[in-house]
Amino acid sequence: MRLQAALFFAACLSPAAAIYPDEVNHIDFHHALLGTPSPDSTFFLKPSPASNASLLYTLSDKLLLGAVNPRDGGLVWRQNISRSADSPAHGAGLLRGLDGNDAVVGAVGNYIASWSAQDGKVGWENRVSEGVVGDLELLELEDATATSGVRDTIAVVASEGAGIVRRLNGNTGKTVWEYKDTSGDVPFQVSSSSTEVFYISLQSAMLKGFKIKVTVLDPSTGQQTRQQILNTEADVATPESVLYVGANSASPIILWTDKSQKSLKVNVIGTKEINSITIDNTSGSEIRQITVHAPRKLNALPHFLVHFETEAGAWAEVFHVDLMSAKVTKAYQLPYLTGQSAVAASVIDANVYFTRITDLEAVVVSSASHGILGRWDLQKPSSDIALHSVSEVVAKGKSVAVRSALFRKHGDWQLIRNGQIEWSRHEDLIDAVAATWAETDAQEDLAHELEVEGHETLYGAYLHRVKRHIRDLEHLPDWLKDLPKRILSSILTDEVSNLDSFGVARSVIVATKNGRVYALDTGKHGAVSWGVQAVETSQWIVKAILASPGVATIYSDDGSSVTVDVSTGEIVSRIEPSNSKLHSIAVFEAQDGSSLATVGVREDGTPVTAFVNEDGFLVTTSIDGRVLGWFAKDNKTPVWEFVPPSGEKVVDATARPAHDPVASIGKVLGNRSVLYKYLNPNLALVTAVNEQTHTASFYLLDGVSGKVLHATTQAGVDSTQPIASVMSENWFAYSFWGDVDGSESSAKGYQLVISELYESPFPNDRGVLDSATNYSSTATLPLPHVISQAFMIPESISHMAVTQTRQGITTRQLLCTLPFSNSIVGIPRPVLDPRRPVDRDPTTAEAEEGLFRYAPYLDFDGKWYLSHTRDVAGIKAVLSSPTLLESTSLVFAYGSDIYGTRATPSQAFDILGKSFSKLQLVLTVVALGAGVTVLAPMTRRKQVNALWRA
Amino acid sequence: MSQARLPPPPPPQWVVSLNSPMPRPSKAASSIPDPPGFSSSRGGKQRQQQQQQATTKRPEDTDALKMKKAWEIAIAPSKQIPMNAIMMYMSGNSLQIFSIMMVLMLFKGPIQGLIGTNAAFAKYDTPSTHSRLLGVKVVYMLMQLALLCLGIWKVNAMGLLPTTRSDWLAWESERQPLERAHFAFR
């Protein structure tokens, strides 16, 4: 008995529909994105003093802190610190790292934390109660208390009317000392040299502008040693006027310009003197941007580079600081070049190198002299503007090698090593707002031809087909040429890796908030095939992307649309914005799916135009929470209107997917009778919440008549938590956070409710309509028989989708996005069967049906996780697409990260597995054939001999 | 030519004994048991009977005998019914290769028997017995049908007969709505 139980348990554990380890990175891909790296919080750093290779660290505008492997662009670790800060961050966060330190320190808002540079584990966290962190610096100076690998942090906290400078212990994050400046100056920055800590604040001058006040502090005690005020009120109008404050340098500098950008003003921090250097602008056009690049290392030479950008070109000047006299002198100039350029400084020992990447080449110079140490032509000159870069230079004897991480305006983060693009991260995809599967037009011609044949007479169709086949013969030489390669590759590789011809290699069109459109190829691990700037905007609100063969059209909320070619990304056509703001886009699809017609829906739910050609009904939602039904020919008065009871607000509405095939119209019970499914393509599930009474209501509407077919209300619902719902076939599911509400419910937590619709409660009964082949919603629409069941689930679900397969024979999976654990889980539908017997074991008939005992707590099985160990963060929507293989459904998730995989809910029953070896089969057949040819003459001879002997 | 025609020589002994019937064995000789291992005793008897029939040639007796044999053949399938029933009961209702094979055999026998009804009774079919053989044939067919029913019962028990609603589900079609709604929810 125990053995039986063990065997049964083992059978249950068999890897049903789980991801096999060898399928990871094979059938799925994951773009772990960071967002736009901020220029002053991005750097190369060796994660520990012992390691040779450095990692690329950044803190992005999305407040994602990450380490990227410069070798392949893969993410080593990532932390989302946007949720850690109590007060909202002003602008970007700060990230500082230091060679010789094991940790990187970052700050957002009032939150400072240290992370191990190697693996991103939190070292310490500190929340500032007084205000927000204004600046951060790691203290490089060695003192007696410092241990190797740990550096203390100096932080400036800007609070109400005061600036606080704190030294935080590198191990614990505890405050070592604190200096409080209550003079009312604007706390600005912190800087340090080898002996002193400088607190730089901006003092409001009498009339206008600011004076820069430098307070020199003792690094070990925090006592003020002296104070200097620079008379800069004529030049510094706002804190942004100060271009640069150096830190961790032998002679840190403050740099600003005069108002007319005619001269640079440089002050070596701690001295009173202001060096004024005339800007030698030979380009003749106005300087647009000035950036300063200086080493941030105590023992580095006190050299710095000022980069001047104009509209058309850029040049740079290198300056040396004399340590003794605190004089700044110009050393040499990098010539003016038209086009864009990005400069980065890097340090080897004491030497400082500057890397300049222009449109055509990458150049490395030493700070000491203007001689070019290395020059590489860029392999693929890019027209995309380079915004900023960080570089790492390696000296090999006399020559140097350089790798630069360059961030471009269109969101590509590229690593250029000696002029070659090593990798490219498309960080703009983090802002993906809409996506759809592209339809290629490769099969379109054939489909068209077949259609022609279908409409002709028998003889004509036959002739047409013969002609078509003769035409096809022109592909024969190519086909024959490819044949050996195809045979060889099909023998050598396994079937799973060779499924591109079965529709698993589809491309996805993704639109981002910044007006860019990308095509990602799921067959090539989500590689970006192309990216175009479709619209120049930073707030592109995309309402729908519709794919028709060969092209995809992106509809925006202002009524404009852009049509792009899905294979090249070329913009085919554009429709200019109209004056009305759109709430949604209605799509009329012809029955054969050949043509799409769209009509915009205004925010009050009215269609912009009437649709004369269409003979259908339209269901819209308005911004004030009503659901409206329209006859397509009339856009003036709605046919019906659904207004939830007072106090309730419609938050979501969902309908069955456009492609939702039903393989069987009934469910076969254990005694082989049939429970008929209630199948109606016009169903809509409307979610309404009442924030006062904390209830959530779910209404099942018929989209033609507006009739409420089923309604249910859940009490104790937290409407601030995500409420996700989905509908498919004859069932719908929703999840919410339900609270204990007196004696009403004993379930507190996240709940998942599934409801199935049947035509009748009795088996073998088709309800009122019985055997009618069609029905009208307006005449007789019977109510469904609804069977529901609730499950307690461990965490919230932010989005739900359903796997789609070609014919719907494969069991479906409920694809749930789990925002807390950053994963996507595919719950098999049989588990969520509401007919599972409650409080009793199933009868034989029920067991035959596959029902097992209901358990209220539904734990997400590890096998269900489609994203397995991956950290798929910030997913907003999941798309599913059928492939030519019935067993396989493509899944694509976007929102913040990009994730794609193949789901096989009933296992890959139509694919030969990896264990099937074609080579072995061929060899066996060959061996048998050889055996037969050798043995046949021998046997024949033997038989003849036997005859003679008899 | 002076030679006179000689009378033909007397036939040899073996020809004489071949042509003359075997002498009836004496009582004593018939009581002698056959030697052990001598297998053709029944054949011998049959030959004797045939010889007797041939010698006696009483048509009524022959017909009665033929009818008796025909009845035996007609009843024979009924003897298989209990055995087959037990076998079918024991083999279970699961769809396995053995139970399927047994069911197939069960069907094959009766169907072949039914087809070969006339052949089975051909040797007893004489003009005189023809009319009387009709009843025998009917009984024979009934017996085969009984076996066939056993097979059908078994197939039904295995769930192979399309007698339930679910068996015809694939031929039922989804009810089509006359109106179509398009949703613009996003």
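This is a predicted model: local features need pLDDT of at least 70, side-chain atom pairs count only at pLDDT 80 or more; totals for chains, interfaces and linings use all residues.
H5(B) and H7(B) are roughly antiparallel to each other, and I can say so because the angle between them is over 145 degrees. To put figures on that, helix H5, residues 97-115 of chain B, packs against helix H7, residues 130-157 of chain B, at an angle of about 155°, and their axes are 9 Å apart. As for the sense of the crossing, H5(B) passes H7(B) in a left-handed manner. On the H5(B) side the contact is made by Val103(B), Leu106(B), Phe107(B), Gly109(B), Pro110(B), Gly113(B) and Leu114(B), while H7(B) contributes Met141(B), Gln144(B), Leu147(B), Leu148(B), Leu150(B), Gly151(B), Lys154(B) and Val155(B).

Let me turn to chain A, which is divided into domain 1 at 280-410, domain 2 at 441-500, domain 3 at 650-915 and domain 4 at 917-950. Taken over C-alpha atoms, the centres of domain 2 and domain 3 of chain A are separated by 39 Å.

Which residues of chain A does UniProt list as a transmembrane region? The unreviewed entry gives residues 919-939, and in the model that stretch of chain A is 100% helix and 0% strand, with its end C-alpha atoms 30 Å apart.

Technical notes. Residues are numbered from 1 along each chain as its sequence is written. Chains are lettered from A and ligands numbered from 1 in the order in which they are written. Domain bounds come from an automatic or database domain assignment. UniProt positions are given in the numbering used here, feature names are shortened, and annotations may be inferred rather than shown by experiment. Helices (H or I, at least four residues) and strands (E, at least two) are DSSP runs, numbered from the N terminus. Axes are lines fitted to C-alpha atoms, for helices over the stretch in contact, and angles run from 0 to 180 degrees between N-to-C directions. Angles under 35 degrees count as roughly parallel, over 145 as roughly antiparallel, 65 to 115 as roughly perpendicular and the rest as oblique. A crossing is left-handed if the near helix is turned anticlockwise from the far one by less than a right angle, and right-handed if clockwise. Two residues are in contact if their C-beta atoms, placed from the backbone, lie within 7 Å.
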